[in-house]
Amino acid sequence: MTRGLEAEYVQILRDYLDSQEEDELYGAQKLGKFLLRRDISPEEMVDLHGRALEKLGDVPEFVRASFRILTEVMIEYGNAQRSLNSWRSKHAQLQSEVAVASAMQQALLPQNMPTYPSVEIGAISIAAHEISGDYYDFMYVDEHQFSLTIGDITGKGIPAAMCMSMLKYAVDSLGEIRLGPDQMLRHLNRVVERNIDASMFVTMLFGCYDTQSHVFRYAVAGHEPGFLYRAQEGRFYDLAGSGVALGIDGNSQYKEQEVHLQIGDLLILLTDGVTECKLGRSYMTREELISNLQHEVHLPSQNMVDQIYRRLLMLTQFEQRDDYTMIVLKRI
Amino acid sequence: MIVAASNSETIPIEKETDIVTARQVGRNMSRQLGFGTIMQSRIATSISELARNIYLYAGTGTITIETVENDEKTGLKITALDEGPGIADLRKALEDGFTTSGALGAGLPGVRRMMDDFQMESTLGKGTRVVVIKWRE
């Protein structure tokens, strides 16, 4: 500790003892902030105070001795302060690792939407924190068909991200062998079951869209049911289908479902971050979600997903609690 | 590199009052070496932590305190030795928050930060040796 600091402290102490004014106390508070920035430990501060007293007059021996007790106690506080500093630097390192992981994860999500003349696709995926447990992807099958995946990995953060990169790899590889949706999920289930922690699982919808027949064939593994919007009737229907989430039972079987889209019809696929929006104290009901969807069905697909996200974010007072993903596919 | 060691004193640690003795010896030696009051207290605290670890986890052991010199400076070296159960994961033992007390900054990480040199070796079932040095500025 520098002599200048000691002199300043003696001055503050002397001024205060003379005046007992609040502004000296304010000065002391500012000094405290300065000392913390300089990493002056509590025990050094106690020592400084003891030395300052000696400058101001005769210090009785019992006061001097009492400072030794105070110093000894303060060393433990000093240890806590030094420990905090090391936690801080560890925290900063973790944060930068998370930032890198987050950027890598973004690169796993599709950079371009598939373009076919008779369908219009919109997608949005926003993580609640830096790292998302939601996953979606599109894959080119042939000039008339593409497949799509939407999934939700239990938990968030690094474990979810690691699981997601494995899923992406598995979906990409299995996609090459053109499995039907039910078989795709059956294989993915085995991969997940074998390779992730028993406490984790993945919900997923995998489907294949034919842009000539406008038939969407899909299978579901414990995933949040999506919606089918019939433009003719102006009504929303739950997409049928159920099945055990991936990673729970290695022998799970999945059932293929099929829907046929008419012009103007929409497929709305989502993760539970959409349906589990919290409005005040209660969760949004499916009916409330439908009425929000209804307001935006006239928009082009990408605008629609963007607009619905904004609406729901506003309704939840900008508090996004879970990872949020929505895909809208419209037959035009 | 240490070129000379002198004034060596070894305190057996068998009961809690031995911790006090070790602190006292360390404080006196650090005062004689010319350490300031804060550093005297930090050295005493470090010795205390090392001795407490012996007392709590190994039962018995020794604390040796000596003056050391290298080419440029003089310092105080403390060696804590025990034949206790040993520590399985040294990196973990030096992590903040690992101690059973859970207190922030307590235990070995605190000692490492208060001292200049820190060495530690441990063999499961054989014992542990911790050597720390505080150099005089």
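Visitor: Which residue does Lys134(B) meet in a salt bridge?

Guide: In this predicted model, the side chain of Lys134(B) meets that of Asp116(B) in a salt bridge, with 3.2 Å from N to O. The pair links distant parts of the chain, since Lys134(B) sits in strand E5 of chain B, residues 127–135, and Asp116(B) lies in the loop between helix H4 (107–114) and strand E4 (117–123) of chain B, 18 residues apart.

Visitor: And is Lys134(B) buried or exposed?

Guide: Lys134(B) counts as buried because its relative accessible area is 9%, whereas Asp116(B), with a relative accessible area of 36%, is partly exposed.

Visitor: How many salt bridges are there over all chains?

Guide: The count comes to 24 salt bridges over all chains. One of them joins Arg51(A) and Glu6(A), whose closest N and O atoms are 2.5 Å apart. That pair also links distant parts of its chain, with Arg51(A) in helix H3 of chain A and Glu6(A) in helix H1 of chain A (residues 3–19), 45 residues apart.

Visitor: Why does Arg51(A) count as partly exposed?

Guide: Arg51(A) counts as partly exposed because its relative accessibility is 31%, and that value falls between the cut-offs of 20% and 50%.

Visitor: Which residues are joined with Arg51(A) into one network?

Guide: Salt bridges that share partners join Arg51(A) with Glu6(A), Asp47(A) and Lys55(A) into one network.

Visitor: What about Arg68(A), which side chain does it meet?

Guide: Arg68(A) meets the side chain of Glu61(A) in a salt bridge, at 3.9 Å from N to O. Arg68(A) is exposed, with a relative accessible area of 52%, while Glu61(A) is partly exposed at 44%.

Visitor: Okay, new topic: how many salt bridges cross between chain A and chain B?

Guide: The rule finds four salt bridges across the interface of chain A and chain B. In one of these cross-chain contacts, the side chains of Glu72(A) and Arg23(B) meet at 2.7 Å, N to O.

Visitor: How many residues does each chain bring, and what area do they bury?

Guide: Chain A brings 15 residues to the contact and chain B brings 16 residues. Together the two chains bury about 1300 Å², with 51% of that on carbon and sulfur atoms. On the side of chain A, Glu72(A), Asn79(A) and Arg82(A) lose the most area to chain B, together 33% of what that side buries.

Visitor: I noticed Phe67(A), so where is it placed?

Guide: Phe67(A) is placed in helix H4 of chain A, and it is buried, with a relative accessible area of 16%. Leaving aside neighbours within four places in sequence, Phe67(A) is in contact with Val46(A), His49(A), Gly50(A) and Leu53(A). Phe67(A) and Asp47(A) are 20 residues apart in sequence, and their C-alpha atoms are 7.6 Å apart in space.

Visitor: Switching to rings, how many aromatic pairs are there over all chains?

Guide: The count comes to nine aromatic pairs over all chains. Among them is the pair of Tyr116(A) and Phe146(A), which is stacked because the ring centres are 5.3 Å apart and the planes lie at 20°. Tyr116(A) is in the loop between H4 and strand E1 (119–126) of chain A, and Phe146(A) is in strand E3 of chain A (residues 145–153), 30 residues apart. Tyr116(A) and Phe146(A) are buried.

Visitor: Why is the pair of Tyr136(A) and Phe138(A) edge-to-face?

Guide: That pair is edge-to-face because the planes of Tyr136(A) and Phe138(A) are at 80°, with the ring centres 6.0 Å apart. Tyr136(A) and Phe138(A) are buried.

Visitor: Which residues do ring pairs link into a cluster?

Guide: The cluster linked by ring pairs consists of Tyr116(A), Tyr136(A), Phe138(A), Phe146(A), Tyr209(A), Phe216(A) and Tyr218(A).

Visitor: Last one: is Ile268(A) buried or exposed?

Guide: Ile268(A), which is found in strand E9 of chain A (residues 266–270), counts as buried because its relative accessibility is 0%. Leaving aside neighbours within four places in sequence, its contacts include Gly226(A), Phe227(A), Leu293(A) and Met326(A).

Methods:
Residues are numbered from 1 along each chain as its sequence is written. Chains are lettered from A and ligands numbered from 1 in the order in which they are written. This is a predicted model: local features need pLDDT of at least 70, side-chain atom pairs count only at pLDDT 80 or more; totals for chains, interfaces and linings use all residues. Side-chain values use heavy atoms; hydrogens and water are left out. Contact means heavy atoms within 4.5 Å. Buried area is the accessible area (1.4 Å probe) that two parts lose on being put together, summed over both. Helices (H or I, at least four residues) and strands (E, at least two) are DSSP runs, numbered from the N terminus. Buried means under 20% relative accessible area, exposed over 50%, partly exposed in between (1.4 Å probe, protein chains only). Rings of Phe, Tyr and Trp (its six-membered ring) pair if their centres lie within 6.5 Å; planes under 30 degrees apart count as stacked, over 60 as edge-to-face and the rest as tilted.
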